Structure formats: structure tokens, C-alpha cells
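Subject: Structure handover

Hello,

Here is the structure for you to take over. Please open it first, then read the notes below it.

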Amino acid sequence: MWHDKAHPIHRRIAPARVVSPAAPEAVQSALRDAAAAGEGVVLQGGRTAIETGNPPDRYDVALDTTALDSLIAHEPEDFTATVQAGMRFEALQSTLAAHG
């Protein structure tokens with residue numbers, strides 16, 4: 001259970017390393033390297049829901065997505081937007097408002 005005191009967040013376990021890719025290709029490389037090393041990867045964005053879901057079995061690498069914060073596509077007539085994994089909701093709202 002995620003609010004179990006054994007959860008890594010409650011034990012304040014830090015990953016062995018943090019990777020902060022700025023491009024999708026860098027995410028691919030980081031995941032490939034972690035897989036080759038047998039490391040457990042935990043995705044991290046704004047860390048607003050860090051205790052949501054099941055706790056990870058392993059926490060070797062924190063993959064920080066905050067640098068991946070771009071709007072990729074916006075189709076206002078379809079009410080759709082495609083964004084990178086690190087875009088905060090507030091930034092998305094502001095960006096979409098600027099586009100009408």
C-alpha cells in the first residue's frame with residue numbers, strides 16, 4: 001500500500017542517480033542505459049503526486065521530465081493538444097490561452 005511506512009518516499013530513499021533529459025532522444029538513451037544496467041527507473045515530473053500508485057520495487061534512477069516541457073501540437077478546433085511529459089498543467093493552460 002502506498003502510504004505504508006516502508007514506501008521509499010517515507011523512508012526518504014534517494015536514487016543512485018538523477019537523469020534530466022532535455023530531448024526525447026536523451027530519454028531513449030537513459031532508458032536504454034538503465035535497462036542494460038538492470039536499474040529500476042522512476043519517472044518524475046512536478047512531483048505533485050509522488051505517493052500516488054504502488055511504491056516502486058526499485059528506485060535506482062530518477063528520470064526527471066521537467067526539461068521536456070514543450071507544446072508539440074495544438075488543434076483548437078478538435079480541442080486537442082500534444083505536450084511533452086514535463087509540461088506543467090499551469091504552463092499548458094497559459095500557453096493555450098495565448099493561442100486563443
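**Salt bridges**

R58 is partly exposed, with a relative accessible area of 43%. The side chain of R58 meets that of D60 in a salt bridge, at 2.5 Å from N to O. D60 is buried, at 18% relative accessible area. The cut-off matters here: buried means under 20%.

Please keep in mind that this is a predicted model.

The structure holds three salt bridges. Side chains of opposite charge can pair when their charged atoms come close.

Another of these pairs is E39 with R17, whose side chains meet at 2.6 Å, N to O. E39 lies in the loop between α2 and β2, and R17 lies in strand β1 (residues 17-19), so the pair ties together parts that are 22 residues apart in sequence. Both ends are partly exposed. E39 has a relative accessible area of 23%. For R17 the value is 32%.

R88 also forms a salt bridge, with E90 as its partner. The closest N and O atoms of R88 and E90 are 3.8 Å apart. R88 sits in the loop between β5 and α3. R88 counts as partly exposed, at 39% relative accessibility. E90 is partly exposed too, with a relative accessible area of 48%. R88 has a further point to check on screen. G45 is 43 residues away from R88 in sequence, yet their C-alpha atoms are 8.2 Å apart in space.

**Confidence**

How far can you trust the model? The mean pLDDT of the protein chain is 84. Of its residues, 78% reach 70 or more. Among the elements, helix α2 (residues 24-37) has the highest mean pLDDT, at 96. Helix α1 (residues 8-11) has the lowest, at 51. Where pLDDT is low, the predicted coordinates should not be read in detail.

**Overall layout**

The protein chain has three helices and five strands. Along the sequence they follow the pattern α-β-α-β-β-β-β-α. The chain has 100 residues, and buried residues make up 24% of them. The accessible surface comes to about 6,800 Å². Carbon and sulfur atoms account for 53% of that surface. Now take the contacts between residues at least 6 apart in sequence. Of these, 41% join residues at least 24 apart.

**The core**

Which residues make up the largest nonpolar core? There are six: V19, V27, A30, V61, L63 and L68. Helix α2 and strand β3 (61-64) are the elements that give two or more residues to this core. Leaving aside neighbours within four places in sequence, A30 is in contact with V19 and L63.

**The surface**

L31, V41 and L43 make a nonpolar surface patch of about 250 Å². One of them, L43, belongs to strand β2 (residues 41-44). L43 is exposed, with a relative accessible area of 60%.

Is F79 buried or exposed? F79 counts as exposed, because its relative accessibility is 78% and the cut-off for exposed is over 50%. F79 is in the loop between β4 (71-75) and β5 (80-83). Its backbone is worth a look as well. Phi of F79 is near 60°, a positive value in a residue other than glycine.

Q84 is a loop residue too, placed between β5 and α3 (89-98). Q84 is buried, with a relative accessible area of 17%. What does Q84 touch, not counting residues up to four places away in sequence? Its contacts are P24, L68, D69, S70 and I72. L68 in that list is also one of the six core residues.

**In brief**

Three salt bridges are present. The largest nonpolar core has six residues. Helix α1 has the lowest mean pLDDT among the elements.

Over to you.

Best wishes

Notes: Residues numbered from 1 in each chain as written. Predicted model: local features only at pLDDT ≥ 70, side-chain atom pairs only at ≥ 80, totals over all residues. Heavy atoms only, no water. pLDDT = per-residue confidence, 0-100. Helix = DSSP H or I, 4+ residues; strand = E, 2+ residues; numbered from the N terminus. Patch = residues over 30% accessible without salt bridge, like charges linked within 9 Å, V, L, I, M, F, W, Y side chains within 5 Å. Areas by Shrake-Rupley, 256 points an atom, 1.4 Å probe, with all protein chains shown as cover. Salt bridge = Lys/Arg side-chain N within 4 Å of Asp/Glu carboxyl O. Buried < 20%, exposed > 50% of the residue type's maximum accessible area, 1.4 Å probe, protein only. Contact = heavy atoms within 4.5 Å. Core = buried A, V, L, I, M, F, W, Y, C linked by side-chain atoms within 4.5 Å.
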